[in-house]
Amino acid sequence: MADVFADLVGQDEAVATLRHAAASAAALLRAAAVPAARPAGPATGAGPGDSYDKLDALAEEFDAEPIPGAGPPGGPGEAAGGDPGAGMTHAWIFTGPPGSGRSVAARAFAAALQCVHGTGCGECPGCHTTLAGTHADVRLVVPEGLSIGVGEMRALVLRAASTPSGGRWQIVIIEDADRLTEAAGNALLKAVEEPPPRTVFLLCAPSTHPDDISVTIRSRCRVVPLRQPLAGAVAEVLVRRDGIAPDVAEWAAAAAQGHVGRARRLARDPEARQRRDAVLAVPRRLTGVGAAFDAASALIEAAEAEAAAAVAEIDEAERAALQTALGAGGTGRGAAGAMRGAAGQLKDLEKRQKSRATRAQRDALDRALVDLAGFYRDALAVALRAPVAPVHTDTAALAEAGAQKWDAEGALRRLEAVLECRAAIEANVKPRIAVEAMMLALWKG
Ligand SMILES: [Zn+2]
């Protein structure tokens, strides 16, 4: 049976690091649970380095915590005899391009930490509940809007400081930590600087660039870099885990450019394939100024429709849940107060949903732009006679025709126009304006 790290495609180094850390963490817990067989001295005199200082602090906390006088690391029950904490620390950052599996890695690591065997067996209740998102000591922050606010972060940090109910770790996973507001980042920094003894923070971000994660937070964390998985590795997991036919898996893995989730969607969801086809039809439709504006409108509207479909179901479920909660008070005491708060709660919910919709639109548009960039990249590769496989095997003939028409420089200019559009949207230029500018550039060359 596959363990919790099985889905971390093509990330052997990261997996080795995390396995080692999980084993160390389990050893720390064992060391803390074993009563002292010898007098407790200073926990360690020999911290091997800065990165272990926090760990020493962690180990000291354990000594002081559940069983007074618990032995120093390396006490009885510690088979290896060394410092059981080496390899484990309380704050981690998973970096890598979108789709490389940052959040998959963070969840798998969380499961391994909560695993009753300490390995991430994939079978025990600790592993199961963590992966299913129902473990009481694992909190997952998925920012729904464009940023994570300070209120949310403060509440989270507060709860994270409590003693783990399952007796192992309190874990906070923050997906898209690059979307923390500055104030939220500061609230998090405080917690990371003075970590509660059993709390582990797992942050996910595209990179450790100061734009993504503050230098001070980064300096307190261990970084686990993930690479863009190779298409072959992605195809392999689609076949093994999702039962997708090998030829479909190979096509989808290449078309998704290393994005595992996207590859799975392309392989399974006919609508996702249709949307991709429509995007890849853009280059041959650009026959004039009018056509360029039409193509821009079509792309924006497709992204809006895709986003609307993606959030509609969850929006409706949330609204229903809130209405039930508000209506359920009946005539009991406090019902009047609850009603007074109802309007505000509905307003809050609408605000959250709107911000989530905006985010979903941007994500959908970005996926389309990545597909389009892949097409021009293929044309450029053909023009340069580069010995590389095409991203989109199904539009290879079109890319070849483009290469003949545009030459390498023309293909490169068009590729740059797509990448500039992505950057402009990222920098908050109105998507429609950025996409129109891009389409005109693609048409004119
Ligand atoms: Zn387990």
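A salt bridge here is a side-chain nitrogen of Lys or Arg within 4 Å of a carboxyl oxygen of Asp or Glu. With that rule in hand, I counted 20 salt bridges.

I kept in mind that this is a predicted model, where local features need pLDDT of at least 70, side-chain atom pairs count only at pLDDT 80 or more, and totals for chains, interfaces and linings use all residues. Residues are numbered from 1 along each chain as its sequence is written, and side-chain values use heavy atoms, with hydrogens and water left out.

**Entry: helix α8.** I looked up E236 and R240, whose side chains form a salt bridge at 3.5 Å, N to O. Both sit in helix α8 (residues 231–242), four residues apart, about one turn of the helix. Helices are DSSP runs of H or I with at least four residues, numbered from the N terminus. E236 is partly exposed at 45% relative accessibility, and R240 is partly exposed at 42%. (Buried means under 20% relative accessible area, exposed over 50%, partly exposed in between, with a 1.4 Å probe and protein chains only.)

**Entry: α11 to α13.** Next I found E306 and R275 joined by a salt bridge at 3.2 Å, N to O. E306 lies in helix α13 (residues 289–327) and R275 in helix α11 (residues 270–280), so this pair ties together parts 31 residues apart in sequence. E306 is buried at 15%, while R275 is partly exposed at 26%.

**Entry: neighbours.** R276 and D277 also meet in a salt bridge, at 3.8 Å, N to O. I noted R276 as buried at 1% and D277 as partly exposed at 44%.

**Entry: a network.** Last, I saw R102, D176, R179, R359 and D363 linked in a network of salt bridges.

Note on methods: Helix = DSSP H or I, 4+ residues; strand = E, 2+ residues; numbered from the N terminus.
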